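Student: I would like to go through this complex with you. Could we begin with its sheets and then turn to the helices?

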Amino acid sequence: MRDLHLSLNQTQRVRLQAALDQLESDASSTAAAAASVTVADTIPVNHEDNILKGHGTSDLDGQVVATLCGVVERVNKLVYVRALRSRYKPEVGDIIVGRVIEVAPKRWRLEINFSQDAVLMLSSMNLPDGIQRRRTAVDELNMRSIFIENDVICAEVRGFQHDGSLHLQARSQKYGKLEKGQLLTVPPYLIKRRKQHFHHLEQYDVDLILGCNGFVWVGQHVDTTTKESTLLSDEPSDKEETNNAVPPETRRNICRIANAIRLLSVIGLTLSVESVTETVEESVRANVEINEMLSAEFYVQTVEREAQRRASLVRKRR
Amino acid sequence: MVGLSEGEKQFLRGGIEQNLRADGRTRNQFRPISVETGVIPQANGSARVRLGATEVIASIKAELGKPSILHPDKGKVSIFVDCSPTAAPIYEGKGGEALSMELSVALERCLLGGKSGAGAAIDLSSLVLVEGKVCWDLYIDALVVSSDGNLLDSLAAAIKAALSNTGLPKVNVVLGASPEEQPEVDVSDEEFLQFDTSAVPVIVTLTKVGKQYIVDATSEEESQMTSAVSVSVNRNGQICGLTKRGGAGLDPSVIYDMVSVAKYVSQQFISVLDSEVAAAEASEE
């Protein structure tokens, strides 16, 4: 994600520094701060137990020393350091959004912001006619009618291949090609695993898909129950363009939500449906124009709001 | 640059039609611009300009040289653009050469005027010290660090900012006894002459996507363009240069319309750029 270089004037700089200091002081008062380490810090360990040294640790003169900057995690006898910023670490069952880069025999290869490309087998994908049957050679020749290069697809991680690359499946109605929207790239560590990654924001008529790999899709709402019929119909492309044009009000909402996501990712706050909708509502309340959401003033206001929210949470806990 | 799916392309084109682009801008809005001056201390003048994710650095070095025989009363200016591989992997080695040449030629056409030096943004006669013998040679070098569309506009803005940051050292010239002798020059380290950049134009590129044209296209929007017209406008609203790229043909009335839109947009852009440059110079001190 590119950085926003904002020209802050003096008062904005002062306000931003004050808000960041408040966030830092709130963070340091929690227990997590006590467990954070940097490279070459000694990890406090009871030497009598047989401690298993996990990822991010190393043995130096009998001491357990961290080799990463992160937080120390302990699970029974295992001690490891979890890095705060890292590449996407896939797990089975993750919802991801990817882009097709190659149509290969019986599979599609997708780019998913990971060290290797993911593979979506033809057999892991529903056929357009919806019948459960064995894939024939004709199906293989017609793969291009389902997905073509550069298509944006939503899928789920089915497992890992022997070389570490991912195996995906898109067998449910809610997975598949994504259209009428925009794809954003954010750092993957800002998206935590939750129960729900598909969000239908009714008041805006917008679908928001937070892929665990850092690809976020914001687009017009597509009713998944009627999805199958659109795959079957063979409309020519220009007719589709005029029939299915995105209405202006929905487009404004899509742009507003996309800018909120861009802003939150630049600040470094965790992305979730609540934080995104709160930012959007705040921008509407403050009458901020859509393109002004990425300006210095709203940036500083958002950081201040987050500092206040965390301060009130800390106060409630006490 | 990653490709775009058919659905994303339609969304992009629809947005441009409805005057609401992907980041909420209208067709005539520039991305927020940020200027830093004096980034290269060894150069006589330098500036870094960021237009969204596009980042370019311009530097100006002045050296003493001999004016050409055809124009003994004018100094020399040469512009060279280099596309760094950090902007895109294809620019490594010779890959970026075609784009660099195209950008250099377009900038020279807009900023340097005709063969006789008439109409140049920089007054070449102000660069001459001793007619026929000693003049300043200005070497303007620009580097494209990161590319997200609209390189020409950001390069012209960087050159304008770098020129306003340029200080030419004061030179004491001692003429030789006979007219054929080379005069002695004493370059002062203390005193500097600032450039007057009020006549330097900016470039506004209008990218035609479908039936509409947009200002300051990102690289995704540029991938959907049919043609692009870059107009160089100065503060008085006069056109200093015109370049058209892209394969599609344009009706002459469309060109007229694009030029008038560029004139209108450039006035606001010039004022924003001037205020950013002034702020950058003030913070540098």
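**Sheets and helix packing**

Tutor: In this predicted model, chain B has an open sheet of 4 strands, ordered β10-β9-β11-β12, with antiparallel pairing.

Student: Which strands stand at the edges of that sheet, and why is one side of each left without a neighbour?

Tutor: The edge strands are β10 (212–215) and β12 (239–245) of chain B. Each has a single partner strand, so one of its sides has no neighbour in the sheet.

Student: How many bridges join β9 to β10 in chain B?

Tutor: There are 4 bridges between β10(B) and strand β9 of chain B, residues 202–209, and the two run antiparallel. As for individual residues, T207(B) has I214(B) in β10(B) as its bridge partner.

Student: Which helix lies across β9 and β11 of chain B?

Tutor: That is helix α3 of chain B, residues 151–165. Its direction is at about 170° to β9(B), and the β11 that it also lies across spans 227–233.

Student: Turning to confidence, what is the mean pLDDT of chain B?

Tutor: The mean is 86, and 94% of the residues of chain B reach 70 or more. For the complex, the predictor gives an ipTM of 0.84 and a pTM of 0.86.

Student: Now chain A. What is the strand order in its open sheet of 4 strands?

Tutor: The order is β1-β5-β6-β2, and the pairing is mixed. At the edges stand β1 (36–37) and β2 (52–53) of chain A; each has a single partner strand, so one side of each lacks a neighbour in the sheet.

Student: How many bridges hold the pairing of β1(A) with β5?

Tutor: β1(A) pairs with strand β5 of chain A, residues 70–75, over 2 bridges in the antiparallel sense. Within β5(A), G70(A) stands opposite V37(A).

Student: And the helices: at what angle do α7 and α8 of chain A pack?

Tutor: Helix α7 (residues 248–267) and helix α8 (residues 273–285) of chain A pack at about 115°, and their axes are 9 Å apart. That angle makes α7(A) roughly perpendicular to α8(A). The crossing of α7(A) past α8(A) is right-handed.

Student: Which residues meet there?

Tutor: From α7(A), they include I257(A), I261(A) and L264(A); among those in α8(A) are V276(A), V280(A) and V284(A). By class, this contact of α7(A) with α8(A) has 8 nonpolar, 3 polar and 1 charged residues.

Key: Residues are numbered from 1 along each chain as its sequence is written. Chains are lettered from A and ligands numbered from 1 in the order in which they are written. This is a predicted model: local features need pLDDT of at least 70, side-chain atom pairs count only at pLDDT 80 or more; totals for chains, interfaces and linings use all residues. Side-chain values use heavy atoms; hydrogens and water are left out. Two strands pair if DSSP finds at least two bridges between them. Contact means heavy atoms within 4.5 Å. Axes are lines fitted to C-alpha atoms, for helices over the stretch in contact, and angles run from 0 to 180 degrees between N-to-C directions. pLDDT is the predictor's confidence in each residue, from 0 to 100. Angles under 35 degrees count as roughly parallel, over 145 as roughly antiparallel, 65 to 115 as roughly perpendicular and the rest as oblique. A crossing is left-handed if the near helix is turned anticlockwise from the far one by less than a right angle, and right-handed if clockwise. Ala, Val, Leu, Ile, Met, Phe, Trp, Tyr, Cys and Pro count as nonpolar, Asp, Glu, Lys and Arg as charged, and the others, Gly among them, as polar.
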